[in-house]
Amino acid sequence: MKYIQNQIAVSRQTLPTTMVYSAVVWLLAGVIQEGWWMIQFPLFLISAFLMMQLNNVNLLIRIYSRMISVSFVMLSCAAAFLFPSATGGFVQFCFIVSILSLFNTYQELPVIGWLYYAFLFLSLASLVEVRTLLYLPLFWFLMLVTIHARGWRAITASVLGILTPYWFMVAWLFYTHRHEFDFSLLISHFGDLSAVTLSDFAIDDLQRLLTLTVVIILGIVGGIHFIMKHYEDKFRVRQLYYSFIYLALYTLALMFVIPSQFDILLRILIIAVSPLIGHFFALTKTKVSNIFFLVTAGVILILTLFNLWNSSSIF
């Protein structure tokens, strides 16, 4: 007997239906009235496609299922208050490309090009939000520990990837300010890094608090399930999922350090949690998991409506 959860998880109609649902959510949020169809909505669509590619290329789920990209779309739509930020959409896009590139280096030769692109896109994200560079230690950790891309050439490629956008940035600053170039223009860009301080983690916005709670619960459920059942996946897939767990934990830690960047960090947390909960929904076949799936679907729908009601320009 197949539960509703399993029927939806393996259906080829699930992702197209979810994308139609996402279009309706964006319309209700005011995508046309606010002009988000020019930048924000295309970035969302590209990110959803890249999440699908992340699953396809790396075979993250050992059966046919689009639950990873579906989970990403549903959680992203639930956080409707994130829609207006083009900066957040660009950072999220760059992060997914960076992760895709990093995963392509797993025990593959040559890896130098993919490593370069992984850190290049992380650096591109830092051009619009410099505190993205705080993820550099994590990416180097993943590169060495879970992806197994090691050696001086790998390190060199990562450093070159980081430096490339800033090399062009300096060249552009020299060109546009060649008569009065001041390094303070460049230094000011990195000024926000010095603003990182430990602070009390308090979210006064009920929308954000509820959304974060749902994402964390789904991440815990997906993470625990994977850890308990990791032996059923190939070693390569295990390492990639551990990378998502590390990414989720690191992002949560940053939320305590720089709560002012909550919105961007929530986008990254959704990237990390979507494969974990997608893996859970696609591969569990119990009555309890089916009930949890239905409850989750209901909660996300209610959360989406709540966030739309409080953030949409239409309502």
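## The largest cavity

Trp26, Gln40, Phe44, Ser76, Ala79, Leu82, Phe83, Ser85, Gly89, Gln92 and Arg267 line the largest cavity of this predicted model. Helix 3 (40-58) and helix 5 (86-103) are the elements that give two or more residues to this lining. Helices (H or I, at least four residues) are DSSP runs, numbered from the N terminus. The lining holds five nonpolar, five polar and one charged residues. Here Ala, Val, Leu, Ile, Met, Phe, Trp, Tyr, Cys and Pro count as nonpolar, Asp, Glu, Lys and Arg as charged, and the others, Gly among them, as polar.

The space in the largest cavity is about 110 Å³, and the count of cavities of 30 Å³ or more is three. On a 1 Å grid over the protein atoms alone, a cavity is a set of points where a 1.4 Å probe fits but cannot get out; a pocket is an open set with protein on both sides within 12 Å along at least five of seven lines; lining residues have an atom within 4 Å of a point. Grid points are joined across faces, edges and corners, and a volume is the space filled by probe spheres set on the points.

## Basis of the values

The model is predicted: local features need pLDDT of at least 70, side-chain atom pairs count only at pLDDT 80 or more, and totals for chains, interfaces and linings use all residues. Residues are numbered from 1 along each chain as its sequence is written, and side-chain values use heavy atoms, with hydrogens and water left out.

The largest pocket contains about 390 Å³ of space. Its lining has 18 residues, and Ile8, Val70, Met74, Phe293 and Ala297 are the ones nearest its centre. Two or more lining residues come from each of helix 2 (14-29), helix 4 (67-78), helix 12 (262-283) and helix 13 (287-311). By class, the lining of the largest pocket has 13 nonpolar, five polar and no charged residues.

The volume of the second largest pocket is about 220 Å³. Of the 13 residues that line this pocket, Gly219, Ile220, Ile245, Ala248 and Leu249 lie nearest its centre. At least two lining residues are supplied by each of helix 10 (206-229), helix 11 (235-257) and helix 12, and helix 10 has the largest share, with six residues. The lining of the second largest pocket has eleven nonpolar, two polar and no charged residues.

Helix 8 (residues 152-176) has 25 residues and reaches 36 Å from its first C-alpha to its last, close to the 36 Å expected at 1.5 Å a residue. The expected span is 1.5 Å times one less than the number of residues in the helix. At Leu163, helix 8 bends by about 30°, and a proline, Pro165, follows within four residues. The bend at a residue is the angle between axes fitted to the seven residues ending there and the seven starting there. Buried residues of helix 8 include Ala154, Ala157, Ser158, Gly161 and Ile162. Buried means under 20% relative accessible area, exposed over 50%, and partly exposed in between (1.4 Å probe, protein chains only).

Helix 13 also has 25 residues, and its end-to-end C-alpha distance of 36 Å is close to the 36 Å expected. In helix 13, Ser289, Asn290, Phe293, Thr296, Ile300, Leu303, Thr304, Asn307 and Leu308 are buried. The cover over these buried residues includes helix 1 (4-10), helix 2, helix 4, helix 10 and helix 12.

## Ala29 in helix 2

Ala29 belongs to helix 2 and counts as buried because its relative accessibility is 4%. Leaving aside residues up to four places away in sequence, Ala29 touches Trp36, Phe83, Leu308, Ser312 and Ser313; contact means heavy atoms within 4.5 Å. Ala29 and Leu301 are 272 residues apart in sequence, and their C-alpha atoms are 14 Å apart.

## Residues in loops

Glu34 is in the loop between helix 2 and helix 3, and it counts as partly exposed because its relative accessibility is 40%. Glu34 and Tyr242 are 208 residues apart along the chain, with 39 Å between their C-alpha atoms.

Most residues other than glycine have a negative phi. Leu59, in the loop between helix 3 and helix 4, has a positive phi near 50°. At 57% relative accessibility, Leu59 counts as exposed. His148 also has a positive phi, about 60°, although it is not a glycine. His148 lies in the loop between helix 7 (136-145) and helix 8 and is partly exposed, at 28% relative accessibility.
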